[in-house]
Amino acid sequence: MAYVAVKGGERAIDNAHAWLAETRRGDQAVAEIATDQISEQLGRAVDRVMSEGGLYDRDLAALAIKQAQGDLIEAAFLLRAYRTTLPRFGYSTPVDTGAMHIHRRVSAVFKDLPGGQILGPTYDYTHRLLDFALAAGAAPPAAPQAESGIAAMPRVSDLLDDEGLIEGDGADEGEPGDLTREPLAFPANRALRLQALARGDEGFLLAMGYSTQRGWGGTHPFVGEIRMGEVAVEITPPELGFAIDIGDITLTECQMVNQFAGSKTKPPQFTRGYGLAFGHSERKAMAMALVDRSLRAEELGEEATAPAQNVEFVLYHSDNIEGTGFVEHLKLPHYVDFQSELETIRRMRADAGRAEEMA
Amino acid sequence: MTPASDDPNAERKAWMRVLARASAGDMRALLADCPALPPHIRLRGPEVGLVMARGRIGGGGGAFNLGEIAVTRCTVRSEAGQVGHATIARRDDEAAELAARIDAALQDPARHDAMAARVITPLAAAQEKRRQDAARRAAATQVQFFTMATMRS
């Protein structure tokens, strides 16, 4: 019986996938989209897929987006699957975001911070009016360039450190756990939580962060700093024995500064939440920083009552690949399970009927 | 980031940093003006794999695993005897192998100066120009607060 069903399904599946391929291509009178067009012109989608796929590779992310017809969770899934085919060469030296080649850097707490407010290529202050000139296709004018470039910029958190009014970056927790090697386990320290959040679903983190702003575990956040730009990556190949620079990746970092009334052991001071994401992913980095801070409730002696303060709830549900796998598996054949449920219901009804007759 | 001057590997690290960012096409074009690279054998790769990129909690605290980067690595030995290595943060077998061969050639005293002058120097200049262009674009988006100054006058 089972084999008959599989064989019957096989042709249907092949034909379904053939139709999918045709649908993916769309009207063949329209030019086919190339993956370099996706990576150049749909860069934010590429950034999001790299982030949630947990793999930095613009070309692969672009291919995944094309293959998934722009379904970004499906595309992230494709990247996750692909990465399992590759060997792991090692870990990088932790990147130095303080040495970032800045494209954008803003602070909502200090107007006149050293280095200044650099808006960069932002959607902030646009009017969110549809631009029909884009539909017509027009080359944009060259972006203006200043006489001289910006200098290196200190992180805002380093500027505030002096008076002890803001907590530091935190102590070294030793060798961090790695979710790609070992499944999530609790208690999860901050390093492990940040890894999970970094590849967590942007929409989920946005909703969780938003919930803290609306009163479910409020943390009174301010954006201490957002910075985006290129950061060099270093590794130490064993055959060389010294660190080498292997190239740049684009990162977005968010330092959230939060009010804190103090506890029995700590004086009142500003605490912090941290967000770091692949690519230009500002909403993601901000939401991550909000959630990183709310998940520190227990550590800071706050009453943990809201969903965004519940480490297990957040980390068990932040991964959209796992989420989509478990939700979408419901549509796959459950014929046998359902048959047995049917039998059970019939039996229960029959039993109930007999009991009535006997009464 | 700037290598300390007492680092014995400082010079090699500096050219490897440049090669890691160079396209295969640019390296090939510049090599056309140089004496041919010596024949080589591949000791490893070129092969694609993953490096887990790490960040620091709060930017400067303990390490955490951010996400993986697809990289290509290659190790070669040139006929002249030098072992060259490259790991580059992208999938590109040709670029990784060329970078490893150039790394080997740069360690060969007979080839070093020509390679440095004709390959590394122009590549470094182009990369620096790209960075400076971005830095000038960024500077053009720096907010110039003028309200306070206007009110005071």
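Modeller: One term before we start: helices (at least four residues) and strands (at least two) are DSSP runs, numbered from the N terminus. Please also keep in mind that this is a predicted model.

Colleague: Fine. Which loop does Q69(A) lie in, then?
Modeller: Q69(A) lies in the loop of chain A between α4 (58–67) and α5 (72–83), and, although Q69(A) is not a glycine, its phi is positive, at about 55°. Most residues other than glycine have a negative phi, and most peptide bonds are trans.

Colleague: And which peptide bonds are cis?
Modeller: One cis peptide bond runs from F186(A) to P187(A), with omega near 0°, and P187(A) sits in the loop between α7 (156–160) and α8 (190–198) of chain A. Another cis bond runs from G45(B) to P46(B), with omega near 5°, and P46(B) is placed in strand β1 of chain B, which covers residues 40–56.

Colleague: What is the average pLDDT of chain A?
Modeller: Chain A averages a pLDDT of 91, and 97% of its residues score at least 70. Over residues 1–5 of chain A, however, pLDDT stays under 50, and the model has 0 contacts beyond four places in sequence for that stretch.

Colleague: And where is confidence lowest in chain B?
Modeller: In chain B the lowest confidence falls in helix α5 (residues 147–152), with a mean of 51, whereas α3(B) has the highest, at 98. The average pLDDT for chain B is 92, with 92% of the residues scoring at least 70.

Colleague: Changing topic, how is chain A divided into domains?
Modeller: Chain A is split into domain 1, residues 2–83, and domain 2, which is made of 97–121 + 150–323. The C-alpha centres of domain 1 and domain 2 of chain A are 30 Å apart, and their contact takes 14 residues from domain 1 and 20 residues from domain 2.

Colleague: How much area is buried between those two domains of chain A?
Modeller: About 1,400 Å² is buried between domain 1 and domain 2 of chain A, and carbon and sulfur atoms give 50% of that area. On the domain 1 side, S51(A), Y56(A) and R80(A) lose the most area to domain 2, together 41% of what that side buries.

Colleague: How many cavities of 30 Å³ or more are there?
Modeller: The count comes to 4 cavities of 30 Å³ or more, and the largest cavity holds about 50 Å³ of space.

Colleague: Which residues line that largest cavity?
Modeller: Its lining draws on both chains, including I244(A) and D245(A) as well as M16(B), H85(B) and D103(B). The elements that give two or more residues to this lining are β5 (244–258) of chain A together with α1 (10–20), β3 (83–88) and α3 (93–106) of chain B.

Colleague: Which element gives the most to that lining?
Modeller: That is β3(B), with 4 residues. By residue type, the lining of the largest cavity divides into 7 nonpolar, 2 polar and 2 charged residues.

Note on methods. Residues numbered from 1 in each chain as written. Chains lettered and ligands numbered in written order. Predicted model: local features only at pLDDT ≥ 70, side-chain atom pairs only at ≥ 80, totals over all residues. Heavy atoms only, no water. pLDDT = per-residue confidence, 0-100. Contact = heavy atoms within 4.5 Å. 1 Å grid on protein atoms, 1.4 Å probe; cavity = no way out; pocket = protein on both sides within 12 Å on 5 of 7 lines; lining within 4 Å. Points joined across faces, edges and corners; volume = space filled by probe spheres on them. Nonpolar A, V, L, I, M, F, W, Y, C, P; charged D, E, K, R; others polar. Domains from an automatic or database assignment. Buried area = accessible area lost by both parts, 1.4 Å probe.
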